Amino acid sequence: MKYNFSCSTSWNGHKAQEKNITGYDILNEIKDLGFDQVELNYNVTEQTLREMYPLLETGEMKVSSLHNVFPKASEEYGPSSILLGFEDQYKRKQAIDYTIRTIEYAKALGAKGVVIHSSKIVVCPEDDEYYNKELRRVFLKYGMDSKEYKDTCNVAMAIRQKKSKRQTELIIESLEEICDYMFKKNIHVKLGLENRAMYHEMPDEEEYRMIFDRLTDEPVYVWYDIGHGEMLNQLGVFDGFKVLRKYRNKLLGVHIHDVDDRFLDHLAPYSVSNKLDNYLDIIDLAPIKVLELSKNNTSDMIKTGVEQLENKLDEL
């Protein structure tokens with residue numbers, strides 16, 4: 001591919017649970033789409049990775065990036081975990097160790113970067129996603145400018161804000177320990193902090209600022225997920241373009257996918273909208289460009305979407 005796109009195993013990694021489908025088959029299916037690079041995500045197990053080695057060791061497929069936690073760990077240390085922001089010292093130490101393990105794998109596999117979901121703020125202990133679901137429901141029913149939405153948003157953001165500083169401090173402390181380990185072990189992998197899909201997940205604009213102000217000389221970067229940014233931009237709770245303008249020089253990679261107006265994401269490029277047009281310069285700039293797609297996309301949808309994306313990039 002002209003633009004060295006990578007494809008995440010988010011698309012077909014679930015097939016590892018099916019009978020007679022191996023890690024080799026999963027990589028080969030991505031290869032058949034025309035990709036020669038892959039991002040191995042957090043659902044890839046050690047067994048599945050071992051089955052991928054024939055294609056990785058010959059160089060037929062290269063690993064662009066790993067998605068923490070890799071290989072797969074428990075859900076407590078999964079993609080929606082508190083992870084680097086755990087208050088509990090044991091749990092946070094475990095999260096740090098898991099992240100270091102991912103970094104070690106990245107080094108061994110020749111990956112340039114590790115994607116990290118930093119943490120989240122627990123805004124409703126009874127239902128972790130309550131306010132995020134409520135924001136979407138009220139937005140879709142009444143609209144952004146309605147009193148109903150503004151009231152809901154004000155309450156949700158106030159609850160989030162109360163805990164933001166402490167959670168960010170814990171993320172910074174965790175990253176300092178991780179970066180210190182990398183320096184001592186002479187590991188030159190870059191860490192990309194991904195913007196997330198739900199309003200209570202971290203980091204937001206201010207949290208990125210706090211992290212980068214403290215970790216100025218560390219290998220910590222922005223990993224920008226376009227679909228996530230679009231959803232939170234739509235809700236008015238995150239200004240992704242502000243982050244991209246401010247930290248262009250800190251951009252490590254992008255997750256590329258389309259998203260519809262009802263918050264369905266991880267769709268093939270240009271399959272439901274032209275929203276990616278607003279990010280073409282960012283995609284072009286990003287050192288690592290990953291298609292992060294769900295299993296609902298067909299091979300033809302992906303091929304067509306990538307072709308459209310390449311044509312648009314050619315016109316820049």
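Start at residue D204, at the beginning of helix α6: one of the side-chain oxygens of D204 comes to within 3.2 Å of the backbone nitrogen of E206. Keep in mind as you look around that this is a predicted model.

**Stop 1: helix α6 and its surroundings**

Now select the whole of α6, residues 205-214. Which residues of α6 are buried? Colour E207, Y208, M210, I211 and F212, and you have them. To see what lies over these buried residues, show α5 together with β6 (190-194), β7 (201-202), β8 (220-225) and α8 (240-246), which are among the elements that cover them.

**Stop 2: α5 beside α6**

Angles under 35 degrees count as roughly parallel, so α5 and α6 are described as roughly parallel to each other. Their crossing is right-handed. To display the contact, pick R160, S164, K165, T168, E169, I171, I172, L175 and E176 on α5, and E207, M210, I211 and R214 on α6. Colouring by class will show you 5 nonpolar, 2 polar and 6 charged residues in this contact.

**Stop 3: α1 and α2**

Move on to another helix pair: select α1, residues 23-32, and α2, residues 46-57. How do these two helices cross? Their axes come within 6 Å, at an angle of roughly 50°, which makes α1 oblique to α2. On the α1 side of the contact, show G23, Y24, I26, L27, N28 and K31; on the α2 side, show T48, E51, M52, P54, L55 and L56. By class, you will find 7 nonpolar, 3 polar and 2 charged residues here.

**Stop 4: S6 in strand β1**

For the last stop, select S6, which sits in strand β1, residues 5-8. Is S6 buried or exposed? With a relative accessible area of 1%, S6 is buried; the cut-off for buried is under 20%. Now bring up S64 as well: the side chains of S6 and S64 are joined by a polar contact of 2.8 Å. To complete the view, show the residues that S6 touches beyond its neighbours within four places in sequence: F35, Q37, V38, E39, S64, K289, V290 and L291.

Note on methods: Residues numbered from 1 in each chain as written. Predicted model: local features only at pLDDT ≥ 70, side-chain atom pairs only at ≥ 80, totals over all residues. Heavy atoms only, no water. Helix = DSSP H or I, 4+ residues; strand = E, 2+ residues; numbered from the N terminus. Buried < 20%, exposed > 50% of the residue type's maximum accessible area, 1.4 Å probe, protein only. Polar contact = N/O pair within 3.5 Å; in protein donor to acceptor, adjacent residues only side chain to side chain. Contact = heavy atoms within 4.5 Å. Axes fitted to C-alpha atoms, helices over the stretch in contact; angles between N-to-C directions. Parallel < 35°, antiparallel > 145°, perpendicular 65-115°, else oblique. Left-handed = near helix turned anticlockwise from the far one by under 90°. Nonpolar A, V, L, I, M, F, W, Y, C, P; charged D, E, K, R; others polar.
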